[in-house]
Amino acid sequence: MCLVVGRIATRPVRPHFLKSSKGRHLFTTCHVSQSLQNASYSKTLLLPKTSFPLWVNSAQSESLFKKKTCEELYRWQAQNVHGPLFVLLDGPPYANGHLHIGHALNKIMKDIINRYQVLTGHQIHYHPGWDCHGLPIENKALQELKARSSFPSDVASNEYEIQKDALSLPPNVIRAAAKATAEREMKTQQEEFEQFCIMADWSPKTTFRTLDHDYEIRQLQVFQQMVDQGLIYRHYRPVHYSPSSHSALAEAELVYNDDHVSYSAYVTFPLDSQTTIASTALREVLAKEPSANLLVWTTTPWTLTANMGIAVHPELIYSFVRSSVKEDALVVAKDRLVALEHIIGPHEVIAEIKGADLVGAQFRSIFSPIHPSGSMSANIIAASHVTSESGSGLVHCAPGHGAEDYLAFRALGLLQGPTDIICHVDDAGKFSLGVAHVVGEEAAQTLVGQEVLKGGNKSIIRLLESIGSLVRVQKIKHRYPYDWKTGEPIIVTATSQWFANLDGIKDDALHALKDVQFYPPSSRNRLESFVRSRSEWCISRQRVWGVPIPALYHTPTDTAVLSSESLTHILRVLSERGVAHWWEGPVEDFLTPELLANFAGGPEAWRKGTDTMDVWFDSGSNWSTLSAPTGERKYRADVCLEGTDQHRGWFQSQLLTSVGVSSGRSAARPVSPYGTLITHGMVLDEAGKKMSKSLGNIVSPMTIIHGGKDKKKEPAYGTDVLRLWVATVEYWRDMSIGPTVLAQCAESMRKIRNSARFILGNIGTTIQRKHFVPVERSELGLAERFVMNELYKLDQTAAEGYANYNFPKVMSSLTNFANITLSSLYFDIRKDCLYANDIQSVERRAVVTTLAKVLDYMTSVMAPVLPYLAEEIHSTLHGGDEAVSQLSVFTKKWTPVSAEWSDPHAEQDMASLLRMRSVVLSLLERARGDKHLKSSLEADVDVILPNDISVQPYLLQLIEREETFLKTLFIVSDAKITDESSLGTSSFAWSYVSSMDIPDSDLELVIRIRPASSSKCPRCWTYTREEQHDLCPRCDDVVRRLD
């Protein structure tokens, strides 16, 4: 005996799958004679047959389709698809380490987009790439060099010692090691990317690496064009500087640590009452209190040696107060007095003046007690960035260590040249010898060589305490910038760097963004605000592994030469000999006759620059690898997709370099290099925490695919489950992943797979389908028209979702369709027809016609997200037809479900009948709970209409029209329509009654379930057999035909 169990008890026929010799779909049908006993009737059923398994070994299954649906598919579409071009520009990951879950999210999202575009007839241009320069790779190479027992064979190991900061290593050794590291890491990452089922050709011609010769030359050409535009200049000014990297950093390379602890200090600067004072109000106060001190709060005491002024807000009121902490009067913003009581203690206000009256007054150096330089005075200046929200309302200004201070001094004309800026910090982040000019030789001995963020800061505090200028020191936890590559705090300090001037192109860049589409839309504000807030871009780095900034320096005059003419000659040399020749070749190779003629000293007077370009300039130049748009195309790239951190990085650097190259070259304003920007969030663990090794909560994509050491705890889910997770999360915000989420994805995958398996088992083999006669739409029943309407809605939703990059919407609709419309309803109510009807019956052919269409369109909908499952369905469906089965499922264009299948009336009618079904199911559950039945087929349903209806409501018309369908929908043996007057006086062993409102009327519909009135049919198990017959009429007819 066979058994099928649906969501509710259904026909007891289990579709156990038999294997055919060739693994094809087979219906088990058997011609029987009259002599067969009842036990043989089950052999006459059309049980589903398919080689498509419910569970699959993902490693084995994926290996069958990997080449077909990845590399071969990309090459096929490049050669055979002649539709519109679709370009997705890859934001290159660092060639550094194994891939993490963020890589998987990013690359799979891109692949979903590309696969959808292929399905809709586009030719795809997608060249994966790698970012190969920069500190992460250089550091990894250095770590590996340190770990070796010997050094490279071409360098004697006794020539140098690898120190902690690796500064003693020759640059050529570091470059060679970094290149080898990058090339090895790229190979590893490519192997891992391929396991995500990425449709791409990974050969060198269709990938890019920022270390490739052609790429580096193209990048330098972009740089040259920005030089032509007058956008590149060298300047001495404060920049973000990383002592741990020994390099300047751009804002995009910073991360902020909210838990950073600093030593903050309240210190005093003596007002100089001996100098000329313009303000009458201040003169009057100082006449009474000649010894007054400005109270200043700073979180960077180490910058006090570079103090060049104190800023006040001209509109604030400032109080002169007597306090127990200082013999002389203190000057503090009036609004800060209450907040500062714990610092200055009990106090008496002796005078008040406006900040404007303090402006122009002079004060002496805080270190004047220990060094004659104290006789030199500095001015109080007005600055709008001073507030009364923190500190004392007076701000210590060190233009060499603060952008706001620098800009304020520039605006006031106080900085005319680089020598005007005071800075005592070297490129290692330590106090330099120059600090002696401020603190004196003796005190300098305690400072020189000290790291300003560590011992140097503490030494300054001790020095201030010793001279009586320290009021209070406090530890504070606050938000502080860190080097995103090393995880160490940075400083702001003045150095000579190369900058790109953004003020001249900022408006063009913002204008270019106006026509760009942003997903999510809120990300537009983020990128625009970053662009709007930048005036310059520090593009030089003090690293050895990178693309050189090919500047020439005339040593005697300290002149930097970086012009279009010098670059034309240099790039010609580098094109012929390789970019590495800049580091390895003699300087005379790069000198033009004009330079030698205009500057004295010959080649010996020149040196090559050692700065490298910011890696964001590297990756930000990759738009130049794409052809300029022609015809109707407006942008080089249709889509760029990266994480939200790239608003400060790659999204911005692409825009700025592209606009910088083209700005002002024609009457037309520059166009963005990309037409659409898609931003995804970061991946967190299931508790919403950031993943880290220390927390032990890292989820590896390789472990998701292949499983961990303990397969019970970390199952091998396969690639499609990983991809399904990517497509179900709301990627536009931070998302989580973990065992629970993955198990849910695996269950969703199983249900989608099982739906496909059920259909494959019931629609016949390739040969059988060739002879199958589908049913016309006009002959379809309500259930079939309803399912086709739902399929039409799914197809529309999926097309819209993919087109708008809303993958969760697509997958939610697909899983609901597979789970609810198909598995919980349609499959359940149509199993009886599929298994027991005659194979040529119109009713069964209508079901098979519907199932075939459902599978066809469902496969298209799932394919971009679940390519392996789609390929397996396609291969199984077309088994026996090698010409079709050997092709990828993506070679068939996705054609939308015809609008003829949109059937709102069928949807409304089915909704009404499903309300009735809910009532019936609840009654059946009551009967089952009372042990009156096991299978719903043991029951009949009576639909009892009210008497004397003058105008028949639509629901009653529908019920009468679909009377023969009701027993199928309710999965009972019979359903009859009667009225109250026709019920008679019959009594039953049991019965259950309920009612429901009839819409658009005051009437109620009564529904009764009772024991089936006929006997059980041994073939189909419905209670529709007359006692004197062996089978029910339907089965008797089918068996006779078989016989």
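Predicted model: local features only at pLDDT ≥ 70, side-chain atom pairs only at ≥ 80, totals over all residues.
Colleague: Why is the pair Tyr233 and Phe499 called stacked?
Modeller: Their planes stand at 20° and their centres lie 5.7 Å apart. Ring centres within 6.5 Å make a pair, and planes under 30 degrees apart count as stacked. So the pair is stacked.

Colleague: What makes it a link between distant parts of the chain?
Modeller: Tyr233 is in strand E5 and Phe499 is in strand E17. They are 266 residues apart.

Colleague: How do you know whether Phe499 is buried or exposed?
Modeller: Its relative accessibility is 2%. Buried means under 20%, so Phe499 counts as buried. Tyr233 has a relative accessible area of 24%. That value falls between 20% and 50%, so Tyr233 is partly exposed.

Colleague: Why are Phe599 and Trp606 called edge-to-face?
Modeller: Their planes are at 80° and their centres 5.1 Å apart. Over 60 degrees counts as edge-to-face, so that is the label for this pair. Trp606 has a relative accessible area of 5%, under the 20% limit, so Trp606 is buried.

Colleague: What makes strands E22 and E23 edge strands?
Modeller: The open sheet has the order E22-E21-E23, with antiparallel pairing. Strand E22 (559-561) and strand E23 (606-608) each pair on one side only.

Colleague: How do you know that E21 pairs with E22?
Modeller: Three bridges join them. Pairing needs at least two, so they pair. In E22, Ala560 is the bridge partner of Tyr553. Arg607 lies over the face of Tyr553, at 4.2 Å from the ring centre.

Definitions and conventions: Residues numbered from 1 in each chain as written. Heavy atoms only, no water. Helix = DSSP H or I, 4+ residues; strand = E, 2+ residues; numbered from the N terminus. Phe/Tyr/Trp six-rings, centres within 6.5 Å; stacked < 30°, edge-to-face > 60°. Buried < 20%, exposed > 50% of the residue type's maximum accessible area, 1.4 Å probe, protein only. Lys NZ or Arg CZ within 6 Å of the ring centre and 35° of its normal.
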